[in-house]
Amino acid sequence: MKSISLALLSLATLALASRKNCVIPSSGGGDDSDAIIDTFKTCSTKSKVVFSADTTYNVYKPMNISGLNDVHVSLEGNVLFSDNITYWQENVFLLNYQSAGTWWVFGGNKITIDGGGSINGNAQSWWNKKITTTRPVMLTFDQVNDLTVSDISLLQSPFWHMFVRDVTKATFKKLLIKSVSNSTSFPPQNSDGWDLYRSSDITIQDCTVINSDDCVSFKPNATDITVKNVDCTGSHGLSIGSLGQYAANGEIDIVRDVTIKDVSCTNCQNGARIKTWPGGKGTIENIKFENMNVTNADNPIVITTHYCDNQQMDYCTSNGDESLTIKNIEFNKIIGSASSLGNPVINLNCSTSTPCEGITLSKINITPAAKSPANVCVNVVGSDKIAECQ
């Protein structure tokens, strides 16, 4: 028995020794972009790449870190992107989705990122100029299989904090996501925590999000997703969608098998939300919102099939009679309070030709505001049997 244990220990020691350890050099104040890129090129397989503690790495150029295989990124220091807006608008990697671009891409297999450090997007300059076009996503994961991101902070992003595209089997845990302006006159814009797109088998847990847009956004073809024990403040809530925007281009959107539980949303525009564009095509099904606390929410529980972004009016359509099929949606154990804005606590506004079906509400205990109107249940199959719709 003793010899077997020693043999196993020797194998483990050999495995650790065979992993290349690569520390990214710092310029001490200049542009560290090339050093970061070059280190990942050298250490792209079975390696540990270290951003040193107590060190700030300045990034002046976009970084495509793809083709990784079994790489552990130990982000112990801090990454700070420059605020050269003109340069970034001309040089971000375009994502060919919702006019988004990004300045940092990771791709490959078996990638782990942790270390207690931070990534700072230096976004106050963007907010001060109220820029709404060609803004960089802070961190993009594109075509990744087996991803773990934990114990880091993502701060002050000019656009979404993370775009997760074509990713399978990923866990995000113990993250701080925070984008807060130093002036109420220049608020953050589109500061989503996560945007999940064409991805599956994703878990988001034990995270804190302080922003002013979706805490988590489930974009087209996000399936088998679990979000649990996440604390959102100031956000637009947990949003299935928006979906159906590109139906005129022949796109069919699917989001299914999503569980959102043990989540709090404080001072949020929305709590549990599903939003689709009129005329959209596709299906939303098997969605569970469970054990949520929504405090001072403008729209605690909302389904709308009439969503339209006033910054993208070309995609808005007058075809309000139909949208995506929405079915098997559960709202269970949702407590909290509505804000004084005066919206319904529950607003289920579905389409005439594609009514929502299989909607269940149970153990809902949300305190309405003084001027909260009656709940709305329009084009919901079986609404006559839902107590909250009476």
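This is a predicted model: local features need pLDDT of at least 70, side-chain atom pairs count only at pLDDT 80 or more; totals for chains, interfaces and linings use all residues.
Let me begin with the strands. S6, S7 and S10 form an open sheet of three strands, in that order, and the pairing within the sheet is mixed. Strand S6, residues 93-94, and strand S10, residues 136-137, stand at the edges with a single partner strand each, so one side of each has no neighbour in the sheet. Between S6 and strand S7, which covers residues 101-102, there are two bridges, and these two strands run antiparallel; here Leu 94 has Gly 101 of S7 opposite.

I now turn to S16 and its partners. Strand S16, residues 200-210, pairs in the parallel sense with strand S13, residues 162-173, over five bridges, and in this pairing Ala 170 is found opposite Ile 202 of S16. Strand S14, residues 176-178, is also joined to S16 in parallel, through three bridges, with Leu 176 having Thr 208 of S16 as its bridge partner. Nine bridges connect S16 with strand S18, residues 222-233, again running parallel, and Cys 207 faces Val 230 of S18 across that pairing.

Next, the charged side chains, where the structure holds ten salt bridges. One of them is between Asp 34 and Lys 61, whose closest N and O atoms are 2.9 Å apart. Because Asp 34 sits in helix H2, residues 33-42, while Lys 61 sits in the loop between strand S3 (56-59) and strand S4 (63-75), this pair ties together parts of the chain that are 27 residues apart in sequence. Asp 34 counts as partly exposed at 39% relative accessibility, and Lys 61 counts as partly exposed at 32%.

The last pair I will describe is Lys 327 with Glu 285, a salt bridge in which the closest N and O atoms are 3.7 Å apart. Lys 327 belongs to strand S24, residues 325-338, and Glu 285 to strand S22, residues 282-297, so parts that are 42 residues apart in sequence are tied together by this pair. Lys 327 is partly exposed, with a relative accessible area of 28%, whereas Glu 285 counts as buried at 12% relative accessibility. Finally, salt bridges with shared partners join Asp 214, Arg 273 and Lys 275 into one network.

Conventions. Residues are numbered from 1 along each chain as its sequence is written. Side-chain values use heavy atoms; hydrogens and water are left out. Two strands pair if DSSP finds at least two bridges between them. Helices (H or I, at least four residues) and strands (E, at least two) are DSSP runs, numbered from the N terminus. A salt bridge is a side-chain nitrogen of Lys or Arg within 4 Å of a carboxyl oxygen of Asp or Glu. Buried means under 20% relative accessible area, exposed over 50%, partly exposed in between (1.4 Å probe, protein chains only).
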